[in-house]
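Morning, everyone. I have one structure to walk you through. Let me put it on the screen.

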Amino acid sequence: MFDDPAETPDGAVTVEPAPPEEQPGTPAAVVELRSRPPVPEPAVAPQADAPAPADVEQAAAAPADVEPNTTAPQPDDVPAAAEAAEGDAVPADAPGPGRRARRRDRRGPDLREQRRQRTREAIVDAAAELFVERGFDAVTVSEIAQRAGVVEKTVFNHFPVKEGLVFESDPPMRAALLDAVRRRPAGESVAAAAGGFVVAAVSQLGSPVAAEGMTEMARVIRGSRTLQVREREILGTLTDSLAEQITLETRATPGELEPWLAANAVLGLYSSLLELARDRVLAGASGPALVSELRARGQRGLALLQFGLAGYAKRR
């Protein structure tokens with residue numbers, strides 16, 4: 001029932017539990033509150049529609065001669081130590097004044113974020129279905145909202161532009177690519193680190209797990225001039241980010257071409273492999289054979305980046 005008296009600071013709180021024959025509503029006697037009170041376990045779980053028992057939390061929050069009211073606000077003069085003690089000692093679902101509001105504050109943002117994520121996923125799924133059925137340019141945002149079960153404004157809250165339903169404005173690849181460059185070991189070039197990352201990433205697009213979604217999106221993208229333009233813009237942004245990272249590391253002066261050339265070469269390799277992957281999946285290829293082909297083509301392109309193009313396509 002109660003904590004070991006030896007664990008309670010001497011003279012801090014004296015609590016006398018109600019005798020078994022008393023009703024649960026009888027308040028416990030409490031002397032001056034100086035530190036965290038021990039918290040007894042309630043003998044009987046309170047009913048949902050019944051008043052909460054007057055446990056130590058209620059007694060500590062109210063004067064000893066006043067019966068606590070679970071619907072009334074906490075007194076203004078409750079010591080801060082009591083609130084800290086309640087946060088540590090009282091279970092999250094324990095009854096008591098102010099407890100329910102604090103729990104909502106603690107859990108509310110998580111629940112809102114979960115609902116927001118579910119709404120976002122519903123919008124993306126609805127858009128993907130419609131784009132596959134009719135093509136990107138033939139589908140309106142209003143139709144996407146209707147299928148997702150939301151209003152049009154909600155779609156725009158999540159995706160300010162329609163192209164964002166297909167391409168993320170800041171693709172995760174950007175952070176991963178730059179991280180691969182930053183973490184490369186001593187003696188490894190930027191082209192080797194960034195190009196190796198690109199080859200490994202794109203080769204996995206041929207796996208059976210990725211091939212189905214890859215096929216659908218390849219048809220959608222190649223069927224829309226708007227999406228093709230947007231994809232080139234994203235590739236341009238990735239190129240600029242990589243060039244900035246190379247400039248930072250090499251301390252290149254303004255006007256030097258090497259960072260820009262290296263970044264364009266790596267993203268050119270990425271774009272070429274991506275289009276090859278789309279060609280193959282649209283032709284029905286997938287599985288280990290496609291993964292191996294993409295990796296082999298990528299490694300050959302990477303070798304050209306690392307060792308230069310001086311010996312490539314010499315005229316005979």
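Which residues does H158 touch, not counting residues up to four places away in sequence? They are R116, T119, R120 and I123. Touching, or contact, means heavy atoms within 4.5 Å.

Before I go on, two notes on the source. This is a predicted model, where local features need pLDDT of at least 70, side-chain atom pairs count only at pLDDT 80 or more, and totals for chains, interfaces and linings use all residues. Residues are numbered from 1 along each chain as its sequence is written, and side-chain values use heavy atoms, with hydrogens and water left out.

Back to H158. It sits in helix α5, residues 152-158. Helices here are DSSP runs of H or I, at least four residues, numbered from the N terminus. H158 counts as buried because its relative accessibility is 12%. The cut-offs: buried is under 20% relative accessible area, exposed is over 50%, and partly exposed is in between, with a 1.4 Å probe and protein chains only.

Now the core. In soluble globular proteins, nonpolar side chains tend to be buried together. The largest nonpolar core here has 49 residues. By nonpolar core I mean a set of buried Ala, Val, Leu, Ile, Met, Phe, Trp, Tyr and Cys residues joined through side-chain atoms within 4.5 Å. Who touches the most other members? F131, I144, V198, L242, L267 and Y270. Several helices give two or more residues to this core, among them α3 (99-134), α9 (225-250) and α10 (258-282). The most comes from α10, with 10 residues.

Look at L267. Leave aside its neighbours within four places in sequence, and its contacts are L177, L235, L238, T239 and L242.

Next, how do α10 and α11 pack? Their angle is about 160 degrees, and their axes are 10 Å apart. Axes are lines fitted to C-alpha atoms, for helices over the stretch in contact, and angles run from 0 to 180 degrees between N-to-C directions. So α10 and α11 are roughly antiparallel. That label needs an angle over 145 degrees; under 35 is roughly parallel, 65 to 115 roughly perpendicular, and the rest oblique. In α10, the residues that meet α11 include L269, L273 and L276. Their partners in α11 include L294, R297 and L305. By class, this contact has 11 nonpolar, two polar and three charged residues. For the classes, Ala, Val, Leu, Ile, Met, Phe, Trp, Tyr, Cys and Pro are nonpolar, Asp, Glu, Lys and Arg are charged, and the others, Gly among them, are polar.

The angle is about 25 degrees, with axes 10 Å apart. M173, R174, L177, L178, V181 and R182 in α6 meet L238, S241, L242, Q245 and E249 in α9. That contact has six nonpolar, two polar and three charged residues.

T215 is in helix α8. It is buried, at 13% relative accessible area, and touches V281 and L282, not counting residues up to four places away in sequence.

Q299 lies in α11. At 46% relative accessibility, Q299 is partly exposed. Its C-alpha is 9.3 Å from that of A200, 99 residues apart along the chain.

Last, R251, in the loop between α9 and α10. Most residues other than glycine have a negative phi. R251 is not a glycine, yet its phi is positive, about 55 degrees. R251 is exposed, with a relative accessible area of 75%.
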